[in-house]
Amino acid sequence: MPEDQAAWLDQLRTGDESAVRDMVRAYGGALIRFLGGMTGNAADAEDLAQEAFLRVVSHISEFRGEASLKTYLFKIAHNLALNHLSSARQRYEVLPDELPDRPSPEPAPLQAVSDEEEARRLRDTLVHLPSQQRAVVMLRTWEDLSFKEIAQTMSLAEGTVKAHYFFALRNLRRMMEAPHDPR
Amino acid sequence: MTHDEALRHGVAGGPLPQEAQAHLNACPDCAAELEALRAIERRLSRSAPRVQEVDLLPGRVLARVRRSRPRGWAMPSAAALALAVGLWAAWLSRPGERPASTPPAELASASAVLDISGGTDTTADLLGAYETEAASLGTAPPEALKGFLSATEDGG
């Protein structure tokens, strides 16, 4: 990825395929990871990532550069993910009050599991968050976006994003500490 | 400031507002919860999954980009080629005018008819244009067409 975003955008606007390839290499993994977390399905994640890149290329002339290209890509990806979840009726909405009674996917306490196992537990638990909280957590902790960038990505006020983040962390903590259902 | 407001400031990063700091100093429950939330945050940062097979993504995206391009940009060369072939075929069908192997000077150069290049290297131009377009569409010019155009060039 060129250091100078403007130069890179110029290349994309001229239809330079090497610039498209560089963009996909730079952000493809992050986009698939984010979309996988949103949809819960690897194949859907790649399809939606392809669609996001295609839309960026198709509409690059409309991109004014107010936000970074990365933020622009995540914004498109986020919208695609929401549309996908809506059309498939796959929203994982969980009322916070229900969380303490909801069994976590794995029974072992955090301290007793390996790092990889703990990471897998967290990812599995993320699925149970409301979609907006899930998106904020992934963009913040996985992709290292600032709250301002997340706000641009999700078309929300920065304060709203921070509130989603707080409630997401609290919900995750409750879910992770919930006693295992022996069923 | 409420407990949740203080905690929200606490996990948002950056300098804490004085009021939030005062609340956290005075409320051990909030201080403990903030530490637990920050621990979850640290664990989340280490939980990002590795994405596999991303190497194939650039090629797949580029294929879709090429398919999505408006076809209009490619049509002039295709239309020019089709028109040239049509005119050439029409000329060949004219009875008794000229031997089939000798195209008329005004039609030997398709560029003269089509006014697309004005050069004398029309066959090469047309074949080159066709090949450029075909490459963008992922196809190659048929050998029969290459042969036809070469024969035309030789005859001109």
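**Exercise 1. The two chains**

What percentage of the contacts in chain A with a separation of 6 or more is accounted for by residues 24 or more positions apart? Work this out for the predicted model shown above, and then describe chain B in the corresponding terms.

*Solution.* Begin with chain A, where residues 24 or more positions apart account for 63% of the contacts with a separation of 6 or more. Next, look at what this chain is built from: its secondary structure comes to eight helices and zero strands, and buried residues make up 48% of its 183 residues. Now turn to chain B, in which 39% of the contacts between residues at least 6 apart in sequence join residues at least 24 apart. Chain B holds nine helices and zero strands, and 29% of its 156 residues are buried.

**Exercise 2. An aromatic pair**

Describe how the rings of Phe34(A) and Phe74(A) are arranged, and explain which parts of chain A their pair ties together.

*Solution.* Over all chains the structure holds five aromatic pairs. One of them, formed by Phe34(A) and Phe74(A), has its ring centres 5.5 Å apart and an angle of 80° between the planes. Planes over 60 degrees apart count as edge-to-face, and the pair of Phe34(A) and Phe74(A) is accordingly edge-to-face. Phe34(A) lies in helix H2 and Phe74(A) in helix H4 (residues 69-88), so the pair ties together parts of chain A that are 40 residues apart in sequence. Both Phe34(A) and Phe74(A) are buried.

**Exercise 3. Buried or exposed?**

Decide whether Gln133(A) is buried or exposed, do the corresponding for Asp144(A) and Ser155(A), and say what is noted about the phi of Asp144(A) and of Ser155(A).

*Solution.* Take the cut-offs first: buried means under 20% relative accessible area, and exposed means over 50%. Gln133(A), in helix H6 (residues 131-142) of chain A, has a relative accessible area of 9% and is therefore buried. Leaving aside neighbours within four places in sequence, Gln133(A) is in contact with His164(A), Phe167(A), Ala168(A) and Asn171(A).

Asp144(A) lies in the loop between H6 and helix H7, and because its relative accessibility is 63%, this residue counts as exposed. Ser155(A), placed in the loop between H7 and helix H8, has 53% relative accessibility and so counts as exposed. Most residues other than glycine have a negative phi. Asp144(A), although not a glycine, has a positive phi of about 60°, and Ser155(A), also not a glycine, has a positive phi of about 55°.

**Exercise 4. Where the chains meet**

Describe the interface between chain A and chain B by its contacts, its buried area and its salt bridges.

*Solution.* Start with the contacts, in which 37 residues of chain A meet 29 residues of chain B. The two chains bury about 3,400 Å² between them, and 66% of this area is on carbon and sulfur atoms. Finally, there are six salt bridges between chain A and chain B. Arg43(B) forms a salt bridge with Glu118(A), in which the closest N and O atoms are 3.7 Å apart.

How values were computed:
Residues numbered from 1 in each chain as written. Chains lettered and ligands numbered in written order. Predicted model: local features only at pLDDT ≥ 70, side-chain atom pairs only at ≥ 80, totals over all residues. Heavy atoms only, no water. Phe/Tyr/Trp six-rings, centres within 6.5 Å; stacked < 30°, edge-to-face > 60°. Helix = DSSP H or I, 4+ residues; strand = E, 2+ residues; numbered from the N terminus. Buried < 20%, exposed > 50% of the residue type's maximum accessible area, 1.4 Å probe, protein only. Contact = heavy atoms within 4.5 Å. Buried area = accessible area lost by both parts, 1.4 Å probe. Salt bridge = Lys/Arg side-chain N within 4 Å of Asp/Glu carboxyl O.
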